[in-house]
Amino acid sequence: MRFNGFIRPDGKVGIRNLILIMAVTDCVEGIGRKICETVRDSVLITQNHGCLVVGNEQVIHNMVGVAENPNVAAILFLSMGCESLRPEIVAGRLIKSQKMVEILTCTKEGGTKNVIEKGIKIAQKMRDDADRIARQAVDVSNLTVAVKCGGSDTSSGIASNPSVGAAVDKLVDLGAKVIFSEPIEAIGGEEELCRRAVNERVARQIRELVSAEEKRYTVQGAEMEFMCKGNIIGGLTTIEEKSMGSLHKTGSAPIVGVLRNNRTVLEKPAEGGVYFQEGTHFDAMTAAHFVAAGAQMIVFTTGVGAGFNNVLAPTIRVCGNVSVIDKVIADIDIDASNIMRGKESIEDVGMRIVETIIDVANGKKTKIEDDGYSSFVFYRQDPRLEYFISEKNKKGGNNQ
Amino acid sequence: MRRAIVMSASDNVATALESIGAGDDVEILSTNSEVISHIKTEESIPFGYKMAVSNIEKGANIFKYGANVGKSTSEIKKGELVHVHNLISPRVLLPESVKKEVLLEINYRKPTGRG
């Protein structure tokens, strides 16, 4: 099976042809917005963890990863000029990708208005150059699809997640890469995931990933909410129950690797297969991790109506809750509610998802592509908490 | 006839496929849509919520999808609602404030006569 994509100089294939305007710190985000408003198919992102480097390594790895994503044709970096986090730190790591990269620094360019004016010219030139790249037919094995659920309810575990799981199995058969994350939603499901691990090393990494996330949410004296009220009002009671429903979306194929995403390293999938990525379960931050690992597309299942939409990776929304579909069918790409009524099989809905994935890879817009995006948010493990939970580990804490 | 589904043969809870009232006669279905049994509910079970399909002792494991999804914190009778008021994860606890808000929102009241 093939699709038509944009082949980048490093051989990776994009399904969109976007100009990325990356404000390396949030103080120049407004400048970026002015540029973005003027240039078609340009995307503005920033990060909100301050402008420092030490302690911020994970964010920097992910900024590099996002810029490398093949949906991005060219990158314009914006900075104020006083940051530790100089744009050159990120841009310097993009040489291998051979992408068009430019940097504008506010204090060097005579201030805000001048940077906006210059930035529009540069981004427009990037747009014109990118428009000359034509789509070419490539094999489906060039696709990296990420799967995520949000606003889960009972229908997620019965309809939308299992049908996405069926689509994942089909994609893996076709040689594509599939990424899932949300380690908190593997609590209670570790053994099943480990049974699917290709080897003992991957199984051990899965256990470590889930155990570390469990520790982050069970620090004594620091109560944390980890599943939303919508989940619980939707009928889900415990994290184990949510996990069992959630993991259905990862299908049944072997788990070929764990992708670390932390202060030390950001790993990307090498070969086809299913990968478990280190990270979080919050929609926008998880999506940023997926994009940084090279995902060109996200398949998002929802129960109680979260219309998640990522600006860099087109997002296909799958829903099995009839009452939500009745209200927001305009936002839902795949209606899986017939599974709940016993009128359509999980496999049939899975095939419809695969067909939609190919259509979207070929350029077809998802239902709300261009209409309103969720924020693009970089997540960062707090190095202090990481130290704390690893120390407990060394002292022989209550987990592996 | 109201319906609830048991996801795996070893489960001790069924999920309501529609809103079920107190005292309703409920058809318990398997995932192949076969009728396994009939149970009279002890209290109302909202759509998507779980009801006990057998009597469950305090501290017993609750199974859904054939997997252990937590422990009961009180005795649960066949036909009663199973949710945050009587089921907890032994690993990660929901904040108490969230539990209270949810029970208030679904207007949950203990069945009469049981303290």
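Predicted model: local features only at pLDDT ≥ 70, side-chain atom pairs only at ≥ 80, totals over all residues.
**Entry 1. The domains of chain A**

I began with the domain assignment of chain A, which gives domain 1 (18-132) and domain 2 (140-361). I looked up the distance between the C-alpha centres of these two domains and found 30 Å. I then turned to the contacts: 12 residues of domain 1 of chain A are in contact with 14 residues of domain 2 of chain A. On the domain 1 side, helix 2 (residues 57-68) of chain A supplies the largest share, 6 residues. By residue type, that side of domain 1 of chain A divides into 5 nonpolar, 6 polar and 1 charged.

**Entry 2. Helix 2 of chain A**

**Entry 3. Helix 10 of chain A**

I followed that packing to helix 10 of chain A. The buried residues include A:D283, A:T286, A:H289 and A:F290. They pack against helix 2, strand 8, strand 9 (177-180), strand 11 (273-277) and strand 12 of chain A. After helix 10 of chain A comes A:G294, and I recorded its phi as positive, near 105 degrees.

**Entry 4. Strand 12 of chain A**

Strand 12 (residues 297-302) of chain A is mostly covered: 6 of its 6 residues are buried. I checked the directions of its side chains. A:M297, A:V299 and A:T301 point one way, while A:I298, A:F300 and A:T302 point the other way.

I then looked up the pairing. Strand 8 (residues 144-150) of chain A runs parallel to strand 12 of chain A, joined by 6 bridges. Strand 13 (residues 315-319) of chain A also runs parallel to strand 12 of chain A, through 5 bridges. I noted A:T301 in both pairings: A:C149 is its bridge partner on one hand, and A:V318 in strand 13 of chain A on the other.

**Entry 5. The largest nonpolar core**

I asked which residues touch the most other members of the largest nonpolar core. Of its 140 residues, these are A:I21 and A:V145. Helix 5 (residues 154-173) of chain A gives the most to this core, with 8 residues. The core draws at least three residues from each of domain 1 (18-132) and domain 2 (140-361) of chain A. For A:V145 I listed the contacts beyond four places in sequence: A:L171, A:A176, A:V178, A:A295, A:M297, A:V299 and A:I357.

**Entry 6**

In chain B, 6 strands form an open sheet in the order 4-3-1-2-5-8, with mixed pairing. The edge strands are strand 4 (35-40) and strand 8 (81-82) of chain B, each pairing on one side only. Within this sheet, strand 1 (residues 2-5) and strand 3 (residues 25-29) of chain B pair in the parallel sense over 4 bridges, and B:I5 stands opposite B:L29.

I then looked up the contact between the chains: 24 residues of chain B are in contact with 22 residues of chain A. Strand 7 (67-72), strand 9 (87-88) and helix 1 (96-105) of chain B each supply at least two residues of the chain B side. That side divides into 12 nonpolar, 7 polar and 5 charged residues.

**Entry 6. Two positive phi values**

Most residues other than glycine have a negative phi. I noted A:E182, not a glycine, with a positive phi of about 55 degrees. A:E182 is found in the loop between strand 9 and helix 6 (190-196) of chain A. I also noted B:N107, in the segment after helix 1 of chain B, with a positive phi near 60 degrees.

B:N107 is exposed, with 8 other C-beta atoms within 10 Å.

Definitions and conventions: Residues numbered from 1 in each chain as written. Chains lettered and ligands numbered in written order. Pairing = 2+ DSSP bridges. Domains from an automatic or database assignment. Contact = placed C-beta atoms within 7 Å. Nonpolar A, V, L, I, M, F, W, Y, C, P; charged D, E, K, R; others polar. Core = buried A, V, L, I, M, F, W, Y, C linked by C-beta atoms within 7 Å. Buried ≥ 20, exposed ≤ 12 C-beta atoms within 10 Å, placed from the backbone.
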